[in-house]
Amino acid sequence: MPVKHPASKHHMDAAERHHEAAKHHHAAATHHEAGDHDKAKEHSKKAREHADAATEHGKKGHEESHK
C-alpha cells in the first residue's frame with residue numbers, strides 16, 4: 001500500500017517490525033520447548049530488536065501526526 005503521509009509510513013514500518021518480532025517470539029518459544037535454549041535466546045534477542053525498532057517507528061509516527 002503506497003503511503004503519502006510520513007506518519008503513515010512510520011506506522012506501517014512499526015506494524016511490519018511488530019510482525020517480525022512476533023515471528024521471532026514464536027520461534028523462541030518453539031526452540032525453548034524443544035530444549036534448544038541457545039536458539040531460543042537468539043530469537044528472543046532478535047524479537048527485542050524488532051520490538052524496539054517498532055516502538056521507535058511508532059513514536060516517529062505519533063510525532064508526525066501531531067505536527
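A word on the model before the details. The model is predicted, so to speak of local features requires pLDDT of at least 70 and side-chain atom pairs count only at pLDDT 80 or more, while totals for chains, interfaces and linings use all residues. Residues are numbered from 1 along each chain as its sequence is written, and side-chain values use heavy atoms, with hydrogens and water left out.

Let me start with the whole chain. Its secondary structure is two helices and zero strands; helices are DSSP runs of H or I with at least four residues, strands are runs of E with at least two, and both are numbered from the N terminus. Along the principal axes, the C-alpha atoms fill a box of roughly 50 × 20 × 10 Å.

Of the 67 residues, 24% are buried. Buried means under 20% relative accessible area, exposed means over 50%, and partly exposed lies in between, with a 1.4 Å probe and protein chains only. Among contacts with a separation of 6 or more, 64% are between residues 24 or more positions apart; a contact is heavy atoms within 4.5 Å.

Now the helices. H1 has 28 residues and should span 40 Å at 1.5 Å a residue; its end C-alpha atoms are 41 Å apart, which agrees. The expected span is 1.5 Å times one less than the number of residues. Buried residues of H1 include Ala-7, His-10, Ala-14, Ala-21 and His-24, and H2 is part of what covers the buried residues of H1. Just after H1, Gly-35 takes a positive phi of about 90 degrees.

Which residues does His-24 touch, leaving aside its neighbours within four places in sequence? They are His-43, Lys-46, Ala-47 and His-50. His-24 sits in H1, residues 6-33, and is buried at a relative accessible area of 14%.

Ala-47 is in H2, residues 37-65. Its relative accessible area is 0%, so Ala-47 counts as buried. Ser-8 is 39 residues from Ala-47 in sequence, and their C-alpha atoms are 23 Å apart in space.
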